[in-house]
Each structure stands twice: as C-alpha cells, then as structure tokens.
2 protein chains.
Amino acid sequence: MLSVEKAIAELLQNCRVLAEPVPTRLGQALGRVLAQDITAGIDVPPADNSAMDGYAFRHAEWPGLERILPLSQRIPAGLRPPALTPGTAARIFTGAEVPEGADTVVMQEHCRAVGEGVVIEKCPLEGANIRRLGQDIRCGQQVLARGRRLEPQTLGLVASLGIAEFDTFRPLRVAVISNGSELVEPGEAVKPGQIYNSNRYMLSGLVRRWGFELCDYGIAPDDPFAIRDLLARAAAETDVILSSGGVSVGEEDHIKDVVEDLGSIDLWKVAIKPGKPFAFGRVGKTPFLGLPGNPSSVLVTALIIARPYLMTCQGLGNAAVVPVRKRAMFSSRGGPRQVYLRAKSVADGVECHPRQSSGVLMSTVWGDGLVVQAPGQDIAEGDEVDFIPYALLA
Amino acid sequence: MLSVEKAIAELLQNCRVLAEPVPTRLGQALGRVLAQDITAGIDVPPADNSAMDGYAFRHAEWPGLERILPLSQRIPAGLRPPALTPGTAARIFTGAEVPEGADTVVMQEHCRAVGEGVVIEKCPLEGANIRRLGQDIRCGQQVLARGRRLEPQTLGLVASLGIAEFDTFRPLRVAVISNGSELVEPGEAVKPGQIYNSNRYMLSGLVRRWGFELCDYGIAPDDPFAIRDLLARAAAETDVILSSGGVSVGEEDHIKDVVEDLGSIDLWKVAIKPGKPFAFGRVGKTPFLGLPGNPSSVLVTALIIARPYLMTCQGLGNAAVVPVRKRAMFSSRGGPRQVYLRAKSVADGVECHPRQSSGVLMSTVWGDGLVVQAPGQDIAEGDEVDFIPYALLA
C-alpha cells in the first residue's frame, strides 16, 4: 500500500499548471489564482494623513492647557491642504492629509472649540495620530506572489494600490463523471438494486467551491463503447477528469479498461480510510483521477488526494493545509491505513461520529471536519489530535 | 463602550429572516440555506448489499477450507437477484444486492475460483461484508434541519435520498456602498489627498463569498442630496445596506444625517480593535450597517459583527464559529477593547503580524486568521489563545 503522503507526492510530480493566464478585472477575480506577482506602484498611504478627527498643529507651538490656538484652515479628506500658518492649528478629519508644517494631530475629544480657535486640553506626544507616507506599503515593494488565491482581503489590498486589472489563471475545466450501473438520478424512480447518485452532486459542489469550471458529464453508461465516447469527449473538452466509482478490481468496472485503452491507468492501493482504491491515468493527454465509489471515500479522497493535484494544475502555489490541534473526546485504535475520522469540533475538543462506515454520508454532514489518525496511532480520550476543518479544504 | 458580544446580541435581537423560500434544484443549491427540513423518504441503503467484490453465500453452508461451493449466479450492481440456490454461492460485486438466502459475503482475495465454483479459503464471520438496509438512514428520519447551509457533502446526502428539489432561501440582496470624498476607483489617476477605494472590493468579495447577491453601488457622492437618492434607491432594491466609512463623529460624514433623516441611526462605540465606530440603523425599513472606514477595521467588523447579522437575515440557523486553540508565538498587552490580531498559523502555533495598525491591509493578507484577545487579557508567548481562521468566517 502507498502512504497518503507518497500518493500525493507522486501525483504532484506528474503535475503541471494546465490553465493559461488571462487578463482579469478586480470585480471578476474573487477566488482566482494570480498568474503574476503584484508590485506596488505607489506608496500607501500616499501622504502623511490623520488617523483621527481632530486638530493638526506643530507640537512645539502648543500654547499650554488654557490658551487658544487660532484655526487657520479646515481640511476635509480628499484635498491637498496648503502649508499650516505658523502659530495656528488646522481642523482635520480622519484620512485627510496633514499640512506641511504640522507634525502632530490631537483627537477632538481632547480639545475644546472656542470661537475661531481651539484649546488643546490634553496634548499628545509629538507625531501622534499621523499615518505616515508609505507606512503600509512602499512603492516598488512586491506585495503578492504568483500562485496566490485571491480572497476578499487580497482583492482589497490590490485595489488599495490602484491596480484594476492583472493576470489570473483561467478557471481549470474539470470533468465530473459518476460510474456505476446501479446509479439513478435523484427525482427519478429507483428500482430494486439501484441507488441514487450522490457523488455527482458532492463532486460538482467541490469543483465549484474550489473555483474550477464544472463540466458535468453525469452518469457514465454501462457500456464500454459509450464510455469510450464519453471519456474521449471529456478529454477533449476539459483539463482534468474526476471520476467516481469503477476503479476497483471487480469485473464490472469497464472504465479502467477504456482509460487504459485510450491512454494509461495505474491502480493504486492508498493506505487511506475511507478510500484505498485510487486510479491515476491519462485519457490521451488529459489527466484522469479515479476516486472510489462509496460517498465518504469519495469525499475524503477528493479533499485529501485530488484537491492538492487539482489546485496545482490550477496554478496555486501551495495547496497544503495546516491542521489544528484538538483534544480527542473519543478513543480509536489505529490500523494499517491512515484514517480520516469524520468529526465535529466542540468547545472542549473534537468528537468523532460513532459510525465511520464509508457508505455513511451522515457522518460527514454531522460534523465539520476530519481527524487525521496516522497508521498505527491509537487515540485515547484526552489526546491532542490533528483536525482539519472542512472549511480549510474549500 | 459596548462589548463585542453585546453588540452582536443587540443586532441579532433586531433581526429576522429577510429572504423568502424558493424551490431550488440540487444543481443550483450549493451555498444556499435550507428553508425546510429534509426528511428521508427511503431507507439507505435500500436493501442489504455487498461491501466487497467477492462471493455471497449462506454461512452455515460453508463446506470448509478445501471444498468447492458451486456458483449459481452472478450479481452485478443494479439488479435485484433471485434467491440464492441452497448449497451454492453467488459471485457479487461492491454495491450489488445480496440475494435472499445469503447471509455473508467473503472478499474475493480470500477465495480461489475453480471451474464453475469457488473455494473459500478464509471464511469470514456470519454477516460479514454486508451493508444492511437502512443502516445509514431510516425512512422517515429527519436528516437536515431548516437553516442549514448546503455544502458539497450536504448536497450529496440530499441526493442520496433521491430528492432533486427543495426550498432554500433566495440569496439575500446586500447593497455595498463606500463612503469618503477622498476615494478614487482603482485604474483611475489619484490626485493629492485621494486614496484608492479598497473597501468596495473587499466587501463585495465577502458578500459574494457569503453566498449573497451583491448589489454594488460604488462610491457614495460627497453631497447630501445625491446620498439621499442613492440610499433611497439601495433601500428599495436590496434587503440590507452595508456601508463603509462615514459613521464617525466628524463633520464631513454626511451619510449618518441622511440615514437619520430617511429612517433612524444609532452610532455605537463597540469595544473592538480594529473597529470601534459602528452604526446600526434603517433606511425606511431596510437595515443599515455602517462599518468604519479603515480597511482592517472594515474587514474585522464585517467578519465579526456584520456576518452573524447578515447570515441570520439569510436564514442561517447558527452563524457562530468555534475558534481553535493555538499556542501564541508572540506576546501582547491587553487593553480596554477586544482585539482581533491579524495572525498566521504555523505548525507550532500562531504568529502575530508586527504591525497591527487599522490602516494596514498587508497584515490581513500576510496571515490566515485572527487571534481574539479579550479586554484586559495579556498574552504571553506560549499561552494558548483563541484563533479564528478566515476560512471559518467564509
């Protein structure tokens, strides 16, 4: 059996970016992966500005606790003010540029307005309440690297530099195919011996959540010639084929013969539970990832093994996640495979669903993540364990 | 000052679901919130089926280690098999229905095929390798409750029950408005005293990431009459108005006067850092959330205060997140406000960005979440602290 780490490493070795850079506007870039570095073309902030609503003045000119400093100007945000007249203060607002000659801003709560002037009743330190030119970002500084996923705050940062367009990798086109002659679509009548196709909706959801372009091919027919046509079409139309079911050593699994015939396929036994059978191959030149058929196995192998591969094809620089440590509220004997226990985080630690059978999707919906149990690792109640929230794998 | 907990509680008390239920198909439901309970109409699995590729037989009829059990049928998945002929075995594949009369499945790796029969070389326990009717879900069982967010695995579960359509709340329409006469759109030329509008792109990204319908109104004009028109239009067209900037006590902030005039507004001083000024009001009947103007303050107040309010308006049953515990790799003195330190999780714990100024978006992009520092809580290196990954707030 192949360890999970080796399986992922082997996949990533056979992996390259499959999406081309495309010019992208800020408003369309959410969730995209940067295809270029982002370098600041300006200083942020572009000038010294006030961190408060208050008064700008020269610290050395503070007349003391009871004396009035006359007001010489009023500076709203958005205007470049003239230099401060010596011996005066300027009314200033948050974000407004500090005038030349002023070196300190006092917050208005520490002042008293008197006629055409102001009494500063609590004088701050020299330089207080001023955000300095370039204190956040210096012109010429690289702020984001190629391969970075664009989250809301990342878009905010790019916007703050005035950059409205940049290159991102176009979304990876991912084919989703469900295999199994027993599968029936939800909404249709189920006959004896048939089951509803759940993997299609789970995998389609993951593909969309991951930011890829979903190419949904539905249920593969139970006929080698029709499967051949379907796979050839998927290979021509997409970047990667993600398939569930049909890759065990059972005789009824036509798909692996067809993939072999159109390209190549390796059946792996990965030391993962739920999971284990995993196929990696190519249909023509298009990579083919064959997941197991049981829903929980599909979820775990998709999140743990397929995700880093697909993300790397998309151009993401680092698809690894840092698990969090949680206190186990359960005990579990280790086995030969790495187990991904469907679990739920609670205030005190993490609980484990009592039924971990690979057919049971209820366990994945009950909780919010996976406890990673290494091969041979016995978990006792109270142990610190590695927990990966599903949210980190989205 | 209002504590963060009290501010959220106060908001949620003034909150109701603002989106109507709409019939939704499985393929369109990703990220939606359920507007109905989901109850199973079938047993899952619908019949006893094989967990392995192997042979189904009656355990009492095992002829021993060396004797051949003749094969009487071959059961692919997807067919209802006839009852097992006594004294025989049936070839069976994963997911295929176990025939009446068989009570055990032996995996093929423990068998040897001989002519028209099979030798079972390692006999499993009676009942082995069979997934029982209804073991995952019983007909009539409630599996999901109204108010639940539909993630990929949740969609898989609904699909496995054969349910193709159900009611979800239509996405909340959220208006995003940026206030500040100093703001300029990225791509345009910036004049002295002006800064680029980053909050628009950050808030728009959050609104879309949260599954809402984005209604982007751009930068509010610096004129009370034009603001009045804009707010009245946003109130008529959307469910909630999310506004950044313009709610401090400075004189240049027209927006609060206009909101007051068109409805009502309360200015809160929330004990949150970055953050503090927060406005809650109504434009006509449409709720108005006024966030601060500094980008980091906008991010933190949006994630911590606005998110639970908006999610509750959307119909989500529980918008609370469980922070994870991490070991601090830094020290920080507590203050009067609850601080959300921009931080980065590493293998050993969590690091804190050295510059926590509210104007600095770099700190939010550098890391992957927020350390929560309660009022007065001094954090020493090595302390366990509460950390909220940004991913949990998406």
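This is a predicted model: local features need pLDDT of at least 70, side-chain atom pairs count only at pLDDT 80 or more; totals for chains, interfaces and linings use all residues.
Start with chain A. Its domain assignment gives four entries: domain 1 (4-19 + 171-314), domain 2 (21-44 + 136-169), domain 3 (49-131) and domain 4 (324-393). Domains 1 and 2 are each written as two segments. Between the centres of domain 3 and domain 4 of chain A, taken over C-alpha atoms, lie 58 Å.

Two copies of a chain are related by a rotation about an axis and a shift along it.

Next, the contact. Chain A gives 76 residues and chain B gives 76 residues. On the side of chain A that touches chain B, at least two residues each come from helix H2 (152-160), strand S16 (195-196), helix H3 (199-209), helix H6 (295-314) and helix H7 (362-366). By class, this side of chain A has 41 nonpolar, 25 polar and 10 charged residues. Of the interface residues of chain A, 100% are also interface residues in chain B, so the copies meet through the same surface.

Finally, look at helix H1 (residues 4-13) of chain B. Val4(B), Ala7(B), Ile8(B) and Leu11(B) are buried. Seen down the axis of H1(B), the buried residues fall within an arc of 95°, so they line one face of the helix. Their cover includes strands S19 (263-269), S20 (272-273), S21 (277-283) and S24 (338-346) and helix H6 (295-314) of chain B. The face of H1(B) turned away from the buried side carries exposed Glu5(B), Ala9(B) and Gln13(B).

Definitions and conventions. Residues are numbered from 1 along each chain as its sequence is written. Chains are lettered from A and ligands numbered from 1 in the order in which they are written. A residue is buried if 20 or more other C-beta atoms lie within 10 Å of its own, exposed if 12 or fewer, and partly exposed in between; C-beta atoms are placed from the backbone. Helices (H or I, at least four residues) and strands (E, at least two) are DSSP runs, numbered from the N terminus. The arc is that of the directions from the helix axis to the C-beta atoms. Two residues are in contact if their C-beta atoms, placed from the backbone, lie within 7 Å. Domain bounds come from an automatic or database domain assignment. Ala, Val, Leu, Ile, Met, Phe, Trp, Tyr, Cys and Pro count as nonpolar, Asp, Glu, Lys and Arg as charged, and the others, Gly among them, as polar.
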